[in-house]
Amino acid sequence: KDYLLNVPYQSYNHLIDFLRQAAQDPLVVEIKATQYRVAVQSEVVEALIYAADNGKKVTVFVELKARFDEEANLRYANTMRKAGIKIIYSIPHLKVHAKLALIIRKAGTAIKSQAFLGNGNFNEKTARLYCDHGLFTAHTEIVDEVSRLFEYLEDQTKQINFKHLLVPMHNMIP
């Protein structure tokens, strides 16, 4: 099932629990996420480091063009890199302002991935103040597009088409 999270009216802890459970799940092989602005004591970053400590491959795209938060984002990126997390830094002419998390889980020979897509930031503090929406989904076509978006963030030479996601420089008018 898909679940829509509407903060601050619903608890942001659902997202933190999603990441922590993925970090502990022995069938999860990889976690990918974006970072735009995170809280000072970020439980999101802690969950990602916990996943790396548990042997998961973790990749985080860090947006450095986050007004007033550039220094904090660099500091967190360095902390995550030291924990074994692969860091991808900003891409010129593209600002990644979406919350995205991709959980890649192996079930036998099949891959069963899940994604979280949201507006705003992965920030527990601002989640108590601002209205944001996030979607937990295992919808194959959406999850596949989230996966392809991460492929693009890792290698901008890839030509990717999107049907379900609106992505600048791909299917949105700049």
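Okay, before anything else: when I say two residues pack or touch, I mean heavy atoms within 4.5 Å. And keep in mind that this is a predicted model.

Let's start with helix α3, residues 70-82. Its buried residues pack against β2 (28-35), α2 (43-53), β3 (57-62) and β4 (86-89). So who are the buried ones? They are Asn73, Tyr76, Ala77 and Met80. They cover an arc of only 105° around the axis, and that puts them on the same side of α3.

With 13 residues at 1.5 Å a residue, α3 should span 18 Å, and its end C-alpha atoms are 18 Å apart, which agrees. After α3 comes Gly84, with a positive phi, near 95°.

The largest nonpolar core has 34 residues. Which elements give two or more residues to it? Those are β1 (3-7), α1 (13-24), β2, α2, β3, α3 and β5 (99-107). The largest share comes from α2, with 7 residues.

Leaving out residues up to four places away in sequence, Phe116 touches, among others, Leu5, Leu15, Phe18, Leu100, Phe122 and Phe136. Apart from this core lies another one, of 21 residues, including Ala115, Val146, Phe150 and Val167.

Now zoom out to the protein chain. We've got 5 helices and 8 strands, and read along the sequence the pattern is β-α-β-α-β-α-β-β-β-β-α-β-α. The radius of gyration is 15 Å, close to the 16 Å that the globule rule gives for 174 residues, so the chain is as compact as a globular protein of that length. The C-alpha atoms fill a box of roughly 45 × 35 × 35 Å along the principal axes.

Of the 174 residues, 47% count as buried. The accessible surface comes to about 9600 Å², and 53% of that belongs to carbon and sulfur atoms. And for contacts between residues at least 6 apart in sequence, 68% join residues at least 24 apart.

Okay, that's my tour.

Note on methods:
Residues numbered from 1 in each chain as written. Predicted model: local features only at pLDDT ≥ 70, side-chain atom pairs only at ≥ 80, totals over all residues. Heavy atoms only, no water. Helix = DSSP H or I, 4+ residues; strand = E, 2+ residues; numbered from the N terminus. Expected span 1.5 Å × (residues − 1). Buried < 20%, exposed > 50% of the residue type's maximum accessible area, 1.4 Å probe, protein only. Arc of directions from axis to C-beta. Core = buried A, V, L, I, M, F, W, Y, C linked by side-chain atoms within 4.5 Å. Rg over C-alpha atoms; globule rule 2.2 N^0.38 Å. Areas by Shrake-Rupley, 256 points an atom, 1.4 Å probe, with all protein chains shown as cover.
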